[in-house]
Amino acid sequence: MSGFQAAACSFPGQQSFNGTVFPFVYQADNAVASLESALAWIASQREYLLSLSTLHGAVLFRGFPLTNAEDFDAFVAAFAIENFPYQRSLSNAVRVNFTERVFSANEAPPTVKILLHHEMAQTPLFPATLLFFCEIAAEQGGATPICRSDILFDRLQRECPDFIDSLQRRGLKYSNVMPGANDPKSGMGRSWQSTLGVESKAQAESRLQELGYSWQWLEGDCLRATTPVLPAVREVSPGRYTLFNQLIAAYAGWSDERNDPSSAIRHGDDSKLDAGAVAKMIDLSMELTFDVAWQAGDAVLIDNTVAMHGRKPFTGKRRVLASLGNMHTHQFNSAAVVSP
């Protein structure tokens, strides 16, 4: 491995939960090591590093010799994770691919705040693993907040048990309006053609029916789509539960010229969410958030079922890239809604 070494280290603001730290941090000991030696180290440690991301939620890599999208692509490949191409996803966001595995984290304007969420938890298809890489750090702001949703589940279960029970028993449904053409001004501006991988309205309806969605065509070639009932809680391991959903982002952040957060999310039986409990969930998530203040070359490995992420507004040029791994599928029936 040509002398490359990285050591686990403590980090300012790092959180501790039940014998784990958040995020787990690796600092490269040799900043001038070759990319090849760093990749060999990742490959030799891949199973351990992936297990760390599940145990701790996220692993931050600092000082590694990563400079551009191609380096990050090779970094992702070293983990030998099955690629989940962004084009196959049902995500709302407009993104630009740089390689088959690597794309921009979000093309929304820098003034747009992206609230905490699990990637694609509002769709039937979601990635198990996320990787981020900072090519260019913002002049000011632009941190990526991350939050342990298993810890959030535990806290909310103690403080709002009825709400947790409702989420487990009834699940969630999400509605959003997709434009007829990509709208990069919005954090959820991906067109229905791109989102569904179709060219015509007939093809869109066929795809939505296959996925279990309901839908409505609107003026301006827009499409309102509503998901089937999706679970709001997942079991990570026996007895360990996590709030795996897009509740915070949908309830408080899905807003643009087409979308109103007040109609973005409901329980699976179409009842409204408890506003007080949602407010408590948001407050607790802010309390539990760690801000990844990017430095150029940083990379983060996230278990998407354990940790949420977002984006804070920024000034100046910022380029954070992303990659998805291992496509999973939500179950649509009540058996998928777990309870302890």
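Is R169 buried or exposed? R169 turns out to be exposed, with a relative accessible area of 52%. Here are a few close-ups of this predicted model.

**View 1. R169 pairs up with D165.** These two residues form a salt bridge, and their closest N and O atoms sit 2.7 Å apart. Both belong to helix α4 (residues 161–170), where being 4 residues apart separates them by about one helical turn. While R169 is exposed, D165 counts as partly exposed, at 33% relative accessibility.

**View 2. E159 meets K280.** Here the side chains join in a salt bridge, at 3.4 Å from N to O. E159 comes from helix α3 (residues 149–159) and K280 from helix α8 (residues 275–287), so the pair ties together parts that are 121 residues apart in sequence. E159 is partly exposed at 39% relative accessibility, and K280 is partly exposed too, with a relative accessible area of 30%.

**View 3. R148 and D150, a buried pair.** A salt bridge links R148 to D150, with 2.7 Å between the closest N and O atoms. Each of the two residues is buried.

**View 4. A salt-bridge network.** Now look at D183, K185, D256, E257 and R258: salt bridges link them into a network. Across the structure, there are 20 salt bridges.

**View 5. R62 in strand β5.** The strand covers residues 58–62, and R62 is buried in this model, with a relative accessible area of 10%. Its side chain reaches the backbone oxygen of A293 at 3.3 Å. Setting aside neighbours within four places in sequence, R62 has contacts that include F11, Y26, W294 and D298.

Terms used: Residues numbered from 1 in each chain as written. Predicted model: local features only at pLDDT ≥ 70, side-chain atom pairs only at ≥ 80, totals over all residues. Heavy atoms only, no water. Helix = DSSP H or I, 4+ residues; strand = E, 2+ residues; numbered from the N terminus. Buried < 20%, exposed > 50% of the residue type's maximum accessible area, 1.4 Å probe, protein only. Polar contact = N/O pair within 3.5 Å; in protein donor to acceptor, adjacent residues only side chain to side chain. Contact = heavy atoms within 4.5 Å. Salt bridge = Lys/Arg side-chain N within 4 Å of Asp/Glu carboxyl O.
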